[in-house]
Amino acid sequence: MPFSRLDSSAISRTLAQVADEATDVADSFFERREDIELQADGSPGMRVWREEGFAIRLMRQDTTWLAARDGISPEVFQQALRRVARAMPRTAVSTPPLNVEPWTSRPEASEIQAFPSAVVRAVKAHRVSFPFELTVRRHRRWVRTIGTRLASGCEAETFYSIVSTLPWGRHGALVPDLRERSAETLASNLVRSHLARDAAPPEPYQGVLVLGHAATAVLLHEAVAHALEADILSRSGHPEAAIGVQMGSPLLNIFDDPASAPKGVRRTSDDEGFPVIRRCLLRAGVVEQPLCDTIFARCSERLSAGAGRRGSRHWAPTPRSFHLELAPGDTTSQDLVSDAEGGLYLPEADRGYLDPLSGRFTLHFPYGRRIRNRVPEEPVGPCRLQAQVSDLLDKVRGVGAEVHAAGAGWCAKGGVKLPVWATAPELRLEGLEVTP
Amino acid sequence: MKIDPVLFDTLDALARDGWEEAEVFAKKGRSRTLHFSLSHPVTSLRQEEGWAARAGDGRKSFFYAAHGTPVPDTLWPEADGKGLRLATARPIPQWNVPSSLDAPLVGESEAQALFEGLARELDHEFPGARLLAGHLDDGSSESQLVSRREAVAIYRHRVAALMVEATAPGGRQQRHGPLSQTLTMVAKDARQLNPKAIARRLADRLLIAQRGQAPHRDRGEFLLAPDVFVPLLSALTPLWIGPKADQRAAAVADLAGRLGSRALTLIDDGRLPGGILEAPTDGEGQPTRRTVIIEEGVYQQPLLSWSQTPSRPALASGCCHRPSWRDLPVQGPSHLYLKPDETTSVASLLSGLSRGYYLLSCDGVPQIDFEKRRFRLPVSGFAIADGQPTGSISRAELTGTLPALLSGIQAKARDLTFFMASVGLIGSPTIRLRGLELRSRA
């Protein structure tokens, strides 16, 4: 752990020199990252990015000042501290020792090189053949937050992003590891996409929709998590006002729990150093605890910090979800598609968008299947679902009993790209319209 | 400006390791950002510094990027994949560093004043509207590059980018609460951003969104603001960039081989005087230049990198950019723009419009079907009669064939405006055109 030997007391004392008002909060965020990528086109071969740096933040009342630097040394730490200071301390600013473990090993990621052939084998096992290229990247990140009031432990994340380039489009995925199961899941998704590649989009349809695990996860992220982020809520009022609002069907119990995320990306503290909590976003469809970071939690006794995330040291934290969970219901997969003749089974959603002001929500599906005789049958092409968030969540009529880790992907809210994870069952919606 | 010797040391280290092809790139920069929001403003000062090396031979290669200054004794990754060939140095024409690069970054209080002025002007232009969020980023950078093919380059950039979002109560057309409109713009210096002009543009858009009616299917004449024509130019980059661009363009040209009207002159200029990204070289150390892609409707040549025209190097432009030290060179325009008419104002174009539409904003992504040679663009703006607005239109779609779009350009104004593209900048003045169709997308 590169930051385990940082002297948190000395750093905290140094930060205290600029936090000179009673309610000031000052903290430092140390970050190291390593990405290794094998490109599909192989030019150039292995790509490696290694970087580290830090940011110092001062929050005073409702204003934040941030100074971010590439590289870590006592000298640049002192310079950054001066940048956020509102008034220079009367005595010279002390410089804390910053004992960071150096990079010692040669960049290496042999598991990346083996993965494409595992996917090829898994696709062949489906007895289909089509051309595709994979770009696989391993992402590793170590962070530690040390402030005047809190000092977290060193947190580490490792995961992989995979971009599959197919003749009919691109398919992206995030996985916590590159084991055989990940290769098989990716292969299944590619095969489904292959079988639906020439399918015509469905005619406008209103009726039963059954969302697969991955599509449900995207819906949760876009329609529930974003809608309950304190900064988004603050655009139309006080975030606290959302607590207690019936936002969706009583079947919906939704949590954000970074500590139960897939192994490799689990977190015990957020990017502000706060211990994470199992945050109940919706209990029986009622808003219980919006996603909140320090700056919003400071203004409310009912909002809890612990969901502050940073895209990198160069960005201030904002409230974001990390690992969403929809609690399982009691409906079997077979019952979800019962009485749904002519309905649509939509296994994946490739993107979604919530207009935070109007509450208008759009979810795009790359393909789906028409339900015939209680079974998802012939493929249909790309389609989309548009509705008001409240209408959409109110139309949930069944929650599957079986949950899967699914729907991981990149969230790029405000241009800040972060990985998000989810564990979700299938979902049955009724009375919503899907259009081509 | 002088190359940091550590770049040469690192290049030497790669040469000692036996790499025939090697290049070291370094970039450092600083930026001040003010993020304005109703609840919590954030002021950031970032200093970034990093470097990257590419090395390889005919069979294998690697790319390595890291923070800080180049380190000659780096533990390089194993080379893999395809081989690497780098650009041979070419003479760089005389270059005078623009003095505007030395202007200090916008101060925190200046940035706050911009947003305060904007909020005030917006309230004046459109009572009831308010600024919801804004993001001002003002930065400067210096890039250096050396390679084993004798390329030695150093250049600086200065860019300010602004995003503002405003909201207003929804009108009868908006069944679901308030509406919002977003504007993005780019300038060399944040001090060039004019709050009054920005507020007017925001107010126009809010007004159109609030009161606009979906149009009936109609043809006629159109004025397209830069905000509308630039997304189309950007979506048509396969016709302007790359070795097969001329073939694609030929499929859109008429039987006489003409691609557009006489008013269509399309240029990319990496040395555009006063341009936001003006520089003597690109991200591979190749000299930038002015490339005329279309002259008075006749296709001249596409934008090509050095590797795409090995037998005729004079056709190449320095057009491989490195937005950050983390990025590999990526081909794209520097300042790609439709040549304006310096003698014509937007007002004179508007007054000459007897019946038609002034389209002010693009409300989504253009859809281009190169096979069918057609396009669709979601737009909004004003209906015009005798040079005067008669009503606002929204939820509209401008559509037609690509030949009609390019050959329908009748006149241009002088208000050349650039927008950030995925790579580089693309610009256009307001244009008047005909031969297209407006329809409802309600």
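Predicted model: local features only at pLDDT ≥ 70, side-chain atom pairs only at ≥ 80, totals over all residues.
**Note on the A–B interface and the salt bridges of the model**

1. Arg86(A) is partly exposed, with a relative accessibility of 33%. Arg86(A) forms a salt bridge with Glu108(B), with 3.5 Å between the closest N and O atoms. Because Arg86(A) sits in the loop between helix 2 (74–84) and helix 3 (110–125) of chain A, while Glu108(B) belongs to helix 2 (residues 108–125) of chain B, the pair joins two chains.

2. The extent of the interface may be stated next. In chain A, 44 residues are in contact with 41 residues of chain B. Between them the two chains bury about 3,600 Å², and carbon and sulfur atoms account for 51% of this area.

3. How many salt bridges does the rule find across the interface of chain A and chain B? There are three salt bridges across this interface. In one salt bridge, the side chains of Arg235(A) and Glu165(B) meet at 2.6 Å, N to O. Polar contacts across the interface of chain A and chain B comprise 23 residue pairs, both residues being at pLDDT 80 or more.

4. On the side of chain A that touches chain B, two or more residues are given by each of strand 2 (46–60), strand 3 (63–70) and helix 7 (294–297) of chain A. Strand 3 of chain A supplies the largest share, eight residues. By residue class, this side of chain A consists of 17 nonpolar, 13 polar and 14 charged residues.

5. Strand 3 of chain A also takes part in strand pairing between the chains. Six bridges pair this strand with strand 2 (residues 42–56) of chain B, in the parallel sense. Within strand 2 of chain B, Arg46(B) stands opposite Ala68(A).

6. Over all chains, the structure holds 63 salt bridges. One of them links Glu37(A) and Arg47(A), whose closest N and O atoms are 3.7 Å apart. Glu37(A) is in strand 1 (residues 25–38) of chain A and Arg47(A) in strand 2 of chain A, ten residues apart, so that the pair links distant parts of the chain. Are these two residues buried or exposed? Glu37(A) counts as buried because its relative accessibility is 7%, and Arg47(A) counts as buried because its value is 9%, the cut-off being under 20%.

7. A further salt bridge within chain A is formed by the side chains of Arg267(A) and Glu157(A), at 2.6 Å, N to O. Arg267(A) lies in the loop between strand 8 (254–256) and strand 9 (279–283) of chain A, and Glu157(A) in strand 5 (residues 155–166) of chain A; the pair therefore ties together parts that are 110 residues apart in sequence. Arg267(A) is buried at 4% relative accessibility, and Glu157(A) is buried at 5%.

8. Arg267(A) and Glu157(A) are also members of a network of salt bridges. Among the other residues linked in this network are Glu31(A), Arg33(A), Asp70(A) and Arg313(A) of chain A, together with Glu48(B) and Arg326(B) of chain B.

9. Leu336(B) stands opposite Asp268(B), and its bridge partner in strand 20 of chain B is Ile426(B).

Methods
Residues numbered from 1 in each chain as written. Chains lettered and ligands numbered in written order. Heavy atoms only, no water. Contact = heavy atoms within 4.5 Å. Buried area = accessible area lost by both parts, 1.4 Å probe. Salt bridge = Lys/Arg side-chain N within 4 Å of Asp/Glu carboxyl O. Polar contact = N/O pair within 3.5 Å; in protein donor to acceptor, adjacent residues only side chain to side chain. Helix = DSSP H or I, 4+ residues; strand = E, 2+ residues; numbered from the N terminus. Nonpolar A, V, L, I, M, F, W, Y, C, P; charged D, E, K, R; others polar. Pairing = 2+ DSSP bridges. Buried < 20%, exposed > 50% of the residue type's maximum accessible area, 1.4 Å probe, protein only.
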